[in-house]
Amino acid sequence: MTVLEDSAFVRACRGLPGSHTPVWFMRQAGRSLPEYRKIREGIPMLESCRRPELVTEITLQPVRRHNVDAAILYSDIVVPIAAAGIDLDIVPGTGPVVGTPVRTAKDLERLRPITADDVDYVAESVRLLVAELGATPLIGFAGAPFTLASYLIEGGPSRTYLKTKAMMYGEPELWDALMSRLAGITLSFLRTQIDAGVSAVQLFDSWAGALSEADYRRHVMPYSADVLRGLLDAGVPRIHFGVGTAVLLEAMGEAGADVVGVDWRTPLDVATKRIGPDRAVQGNLDPAILFAGWDVVEREARRVLEQGRSAPGHVFNLGHGVMPETDPDVLTRLTALVHEVTG
Ligand code: CP3
């Protein structure tokens with residue numbers, strides 16, 4: 001384990017003062033970069049995640065280009081699910097699509113627990129990256145049990161999470177078995193990345209915002225808390241993120257995060273009041289603002305920085321991932337602006 005404690009990023013995660021406010025962008029690697037589109041030509045998404053040299057190059061692309069303060073491992077939340085035996089594909093423009101959805105106890109047999117050997121290419125990618133990155137921290141990540149369950153049960157992306165919620169409310173034993181199995185897979189996937197040398201991890205519960213606070217606390221939070229608690233002794237900062245989570249922020253902090261990721265709907269000072277004074281925040285410029293012209297980007301970035309000062313630590317980011325159509329030069333300029341304003 002090699003947590004880069006002196007980096008601006010890790011210090012902000014720990015709520016310690018640093019040389020400047022660190023910046024990285026969710027989905028900084030990917031289709032906004034022409035060099036990414038070129039290197040991915042003809043290689044399916046999941047296949048690309050299993051080639052350590054390619055993973056290393058794609059992960060490094062945005063670090064070289066934007067001068068961000070952290071790299072995020074190029075992979076996907078469904079990689080460990082595929083390694084666990086589920087037949088799935090990542091369809092361009094759609095997202096993860098599951099061949100046969102998991103809806104019964106019998107279906108659950110197809111979701112095996114995983115060991116480090118099942119994702120050895122991920123550990124190898126992390127080792128290669130840590131060697132290349134030097135003083136720049138690498139963030140590992142995984143999908144949280146609820147967000148993964150939604151893909152498995154629905155069979156693909158969903159707007160209503162109807163089948164997921166039907167199982168959650170109507171078949172509590174099956175729900176518990178599925179969520180427990182997913183928590184184990186997620187913990188194992190994150191442990192593998194930590195053992196190989198990542199400096200922090202982010203748990204993506206992207207779609208948890210579909211739930212009320214009461215249902216989140218009752219049906220989802222215990223499983224995410226198991227994952228986060230299972231990482232406590234590893235000593236790496238743990239970031240917990242979801243979209244549309246205004247009413248869940250307090251619970252997501254309580255689930256065991258060191259840093260709570262906030263989307264653009266909740267100002268960071270308001271978020272900090274809800275989360276409490278002992279956790280750092282990450283976020284939260286609306287990714288759409290990057291399309292509005294530089295003056296607007298600068299004004300809004302300064303507002304986010306100002307509101308972020310109310311938390312013990314602030315990691316500057318977008319409120320969700322970089323859109324594929326984003327002009328990458330705006331991200332480079334935005335990174336420089338945050339460094340300049342806070343340095
Ligand atoms: O730079 C990074 O952020 C690192 C890589 C990363 C990817 N997926 C690569 C990827 C990360 C952190 C993820 C996480 C992920 N994957 C999440 C959580 C983050 C979030 O956005 O809320 C989710 C929900 C997924 C599932 C998924 N995979 C979706 C919704 C999509 C987009 C589908 C599309 O084509 O619009 C993917 C595919 C995917 N994952 C791409 C990348 C670079 C695009 C695939 C391509 O380039 O063809």
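How many disulfides does a search of the whole structure find? The search finds 0. Keep in mind that this is a predicted model.

Stop 1: Select Cys13. Its relative accessibility is 3%, so Cys13 counts as buried. Now select Cys49. At 2% relative accessibility, Cys49 counts as buried too.

**Stop 2: helix α4.** Select residues 52-66, which make up helix α4. Pick out Thr56 within this helix. Is Thr56 buried or exposed? Thr56 is buried, because its relative accessible area is 7% and the cut-off for buried is under 20%. Next, show what surrounds Thr56. Leaving aside residues up to four places away in sequence, Thr56 touches Ser125, Leu128, Leu129 and Glu132.

**Stop 3: the sheet.** Switch to a cartoon view and find the open sheet of 7 strands. Read across the sheet in the order β1-β4-β5-β6-β7-β8-β9. The pairing is parallel. Which strands stand at the edges? They are β1 (71-72) and β9 (314-318). Each has a single partner strand, so one side of each is left without a neighbour in the sheet.

Stop 4: Select strand β8, residues 280-285. It runs parallel to β9, and 5 bridges join the two.

Stop 5: Finish with helix α15, residues 294-308. Helix α15 packs on the sheet, where it touches β8 and β9. Compare directions: that of helix α15 makes about 150° with that of β9.

Key: Residues are numbered from 1 along each chain as its sequence is written. This is a predicted model: local features need pLDDT of at least 70, side-chain atom pairs count only at pLDDT 80 or more; totals for chains, interfaces and linings use all residues. Side-chain values use heavy atoms; hydrogens and water are left out. Helices (H or I, at least four residues) and strands (E, at least two) are DSSP runs, numbered from the N terminus. Buried means under 20% relative accessible area, exposed over 50%, partly exposed in between (1.4 Å probe, protein chains only). Contact means heavy atoms within 4.5 Å. Two strands pair if DSSP finds at least two bridges between them. Axes are lines fitted to C-alpha atoms, for helices over the stretch in contact, and angles run from 0 to 180 degrees between N-to-C directions. A disulfide is a pair of cysteine sulfur atoms within 2.5 Å.
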